Amino acid sequence: MSQAQQLRAESDFEQLPDDVPISANIADIEEKRGFTSHFVFVIEVKTKGGSKYLIYRRYRQFYALQTKLEERFGPENKTNSFSCTLPVLPAKVYVGVKQEIAEMRVPALNAYMKSLLSLPVWVLMDEEVRIFFYQSPYDSEQIPQALRRLRPRTRKIKSISPQSPGMDRLEAPRAEALFDFTGNSKLELNFKAGDVIFLLSRINKDWLEGSVRGTTGIFPRSFVKVLKDFPEEDDPTNWLRCYYYEDTISTIKDIAVEEDLSSTPRFKDLLELMRREFQKEDIALNFRDAEGDLVRLLSNEDVGLMVRQARGLPSQKRLFPWKLHITQKDDYKVYHTVP
């Protein structure tokens with residue numbers, strides 16, 4: 001019997017749906033770039049049904065999860081009868097080499113996840129816990145940088161029926177088959193048009209994993225109509241729109257930045273990011289003021305002014321409300337007055 005089952009009533013554990021995570025371990029750390037570089041933990045998650053997949057999480061996502069759990073289940077919440085002793089999360093570190101800090105946190109975060117997934121079933125079924133360990137489309141489309149071998153999924157999925165304890169058919173992610181599908185390998189799921197397929201995971205943007213009539217496998221997304229999708233998770237990628245001017249040529253480029261839309265970068269980091277993206281050292285950063293004139297950025301205070309000015313403007317989903325205009329450093333013709 002696993003430790004997760006030892007620490008809770010076996011009858012309660014058996015009623016959990018098969019996609020509930022029961023173990024998670026950090027397999028690797030990877031460097032990602034936002035306005036500055038940061039490291040994410042590559043976590044291999046195993047579910048009650050035996051499936052395995054990778055998720056990518058920053059320390060701040062662990063911290064946000066712990067904060068929400070303390071609000072719901074901690075001793076300070078006097079209105080919730082389902083309180084419990086939560087595991088201790090390693091503290092924030094403000095000084096040091098980022099990679100060394102990430103590597104140092106691995107044992108403590110593994111212990112944290114082990115303790116978290118051994119808590120009572122009401123914690124495992126909590127929405128925040130489910131979303132944290134859920135493999136989002138962003139996770140599924142990542143290509144591990146350093147992992148040499150990805151272990152295949154173990155397929156031990158029980159049949160899901162209206163009588164299955166703890167599983168409400170109306171709550172489970174599911175899809176209806178639009179066409180017959182016959183797989184080309186044992187990994188692929190066979191089904192007929194009209195079959196209801198219970199969804200287990202998103203393999204990538206084109207393939208899903210599901211179960212029908214006690215059989216589990218993967219199948220093309222285009223063959224089904226999703227009736228109830230997986231829970232949403234915030235994709236850490238947002239987009240910064242840049243306008244680049246050189247001589248008589250102007251181009252527009254959206255740059256992927258793994259930072260919150262509310263983030264205010266430092267001038268130095270923003271300049272380095274633009275130099276790297278446009279492969280130019282001799283450039284200047286600018287923004288448009290309320291009158292439509294370009295204003296050159298020279299300091300952190302200028303960046304703060306740009307961000308504050310953009311807060312009241314209409315914005316699109318996943319697109320920073322402020323925009324950057326990149327000009328050549330010695331080109332002062334773009335300004336009404338020389339800066």
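In this predicted model, strand β9 (residues 238–246) runs parallel to strand β13 (residues 324–328), and the two are joined over three bridges. Tyr243 has His325 of β13 as its bridge partner.

Both strands belong to an open sheet of five strands with mixed pairing, arranged in the order β10-β9-β13-β11-β12. At the edges are β10 (249–257) and β12 (294–296), each of which pairs on one side only. On average, and ignoring direction, neighbouring strands of this sheet are turned by 35° against each other. Strands of a sheet pair through backbone hydrogen bonds, in either a parallel or an antiparallel sense.

Two helices lie against this sheet, as the table shows.

| Helix | Residues | Strands touched or crossed | Angle to β11 |
|---|---|---|---|
| α9 | residues 300–310 | β11, β12, β13 | about 35° |

The nonpolar cores come next. The largest of them has 33 residues, and Phe41, Ile43, Phe62 and Phe133 have the most contacts inside it. Elements giving two or more residues to this core are the strands β1 (21–33), β2 (37–47) and β3 (52–57), together with the helices α3 (59–73), α4 (98–116), α5 (121–124) and α6 (127–133). Helix α4 gives the most, with six residues.

Leaving aside neighbours within four places in sequence, Phe133 is in contact with Pro21, Ala24, Val45, Tyr53, Ile55, Met113, Leu116 and Leu117. In soluble globular proteins, nonpolar side chains tend to be buried together.

Definitions and conventions: Residues are numbered from 1 along each chain as its sequence is written. This is a predicted model: local features need pLDDT of at least 70, side-chain atom pairs count only at pLDDT 80 or more; totals for chains, interfaces and linings use all residues. Side-chain values use heavy atoms; hydrogens and water are left out. A nonpolar core is a set of buried Ala, Val, Leu, Ile, Met, Phe, Trp, Tyr and Cys residues joined through side-chain atoms within 4.5 Å. Buried means under 20% relative accessible area, exposed over 50%, partly exposed in between (1.4 Å probe, protein chains only). Helices (H or I, at least four residues) and strands (E, at least two) are DSSP runs, numbered from the N terminus. Contact means heavy atoms within 4.5 Å. Two strands pair if DSSP finds at least two bridges between them. Axes are lines fitted to C-alpha atoms, for helices over the stretch in contact, and angles run from 0 to 180 degrees between N-to-C directions.
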